[in-house]
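Subject: The structure I mentioned

Hi! Here is the structure I promised to pass on, with my notes below it. Have it open while you read.

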Amino acid sequence: MVCGLAACGFEPLYVEKTTGDDLWYYNNKFDTDIVREMAQIKIETVTDRLGQMIKNELMDTFNPYGTPVCAKYFLKIQPASAQTVQQALRDDITATREKIKYTVQYSLWSKESGQLVDGRSWVYLSYDLLDNPYSTTMDKKKVEKDGAKIIANDIALRIGAYFHSVKTKRGNPNEF
């Protein structure tokens, strides 16, 4: 399966490449170099609630054993923006549903090289506006939590892809 996808430019992030060959093989070995590099990322403090939830998700992904003491990389997350649009209008022109778009800008910095990666991640989610205000509030909080997870996964994947591209461009695949 992996060999068939290699022809279209697909390269798995966490599988070792056999030396001297252009094919990827999964020999029950995962490439941990990228994970080790990502564990050296310190995520800077974020001021808004959604940004804090994204930071917590990323910390669980990058640093499951705690923040690195001497970090090589620093991830800065800008405060998130949220755009809300009301949908599904009733006859009295009140909405029964809201669609929300969360957008976050981020940048990865290195002590030696300066800025390495920057980008924007976004997600569209929606929730019902119910007759009970408490239920609507809980729906909105769940959507915010889900949005933070989706954005954090997107950022982690993009940063992992960056480290993968750096590793595959170098002559020695074991050094960053």
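Let's start with Glu37, which sits in helix 2. Helices here are DSSP runs of H or I with at least four residues, strands are runs of E with at least two, and both are numbered from the N terminus. Is Glu37 buried or exposed? With 7% relative accessibility, Glu37 counts as buried; the cut-offs are under 20% relative accessible area for buried, over 50% for exposed and partly exposed in between, using a 1.4 Å probe and protein chains only. The side chain of Glu37 makes a polar contact of 3.2 Å with that of Lys72. (A polar contact is a pair of N or O atoms within 3.5 Å; within protein, one must be able to donate a hydrogen and the other to accept it, and residues adjacent in sequence count only if both atoms are side-chain atoms.) Glu37 and Phe62 are 25 residues apart along the chain, and their C-alpha atoms are 8.9 Å apart.

Before you go further: this is a predicted model, so local features need pLDDT of at least 70 and side-chain atom pairs count only at pLDDT 80 or more, while totals for chains, interfaces and linings use all residues. Residues are numbered from 1 along each chain as its sequence is written, and side-chain values use heavy atoms, with hydrogens and water left out.

Now the whole chain. You'll find four helices and five strands, and from the N terminus on they run α-α-β-α-β-β-β-β-α. Of the 176 residues, 32% are buried. For contacts (heavy atoms within 4.5 Å) with a separation of 6 or more, 54% are between residues 24 or more positions apart.

Phe62 turns up again in the largest nonpolar core, which has 32 residues; Phe62 is among those with the most contacts inside it, along with Ile41, Ile54, Leu58, Leu75, Ile77 and Ile159. A nonpolar core means buried Ala, Val, Leu, Ile, Met, Phe, Trp, Tyr and Cys residues joined through side-chain atoms within 4.5 Å. Which element gives the most to this core? That's helix 4, with eight residues. For a look inside, click on Leu58: leaving aside neighbours within four places in sequence, Leu58 touches Ile43, Asn63, Leu75, Ile77, Ala152, Ile155 and Ala156.

Next, the salt bridges. The rule asks for a side-chain nitrogen of Lys or Arg within 4 Å of a carboxyl oxygen of Asp or Glu, and the count comes to four. One of them pairs Asp128 with Arg97, with 2.4 Å between the closest N and O atoms. Because Asp128 is in strand 5 and Arg97 in strand 4, this pair ties together parts 31 residues apart in sequence. Asp128 is partly exposed at 34% relative accessibility, and Arg97 is partly exposed at 28%.

Asp154 is partly exposed at 22%, and Arg158 is partly exposed at 37%.
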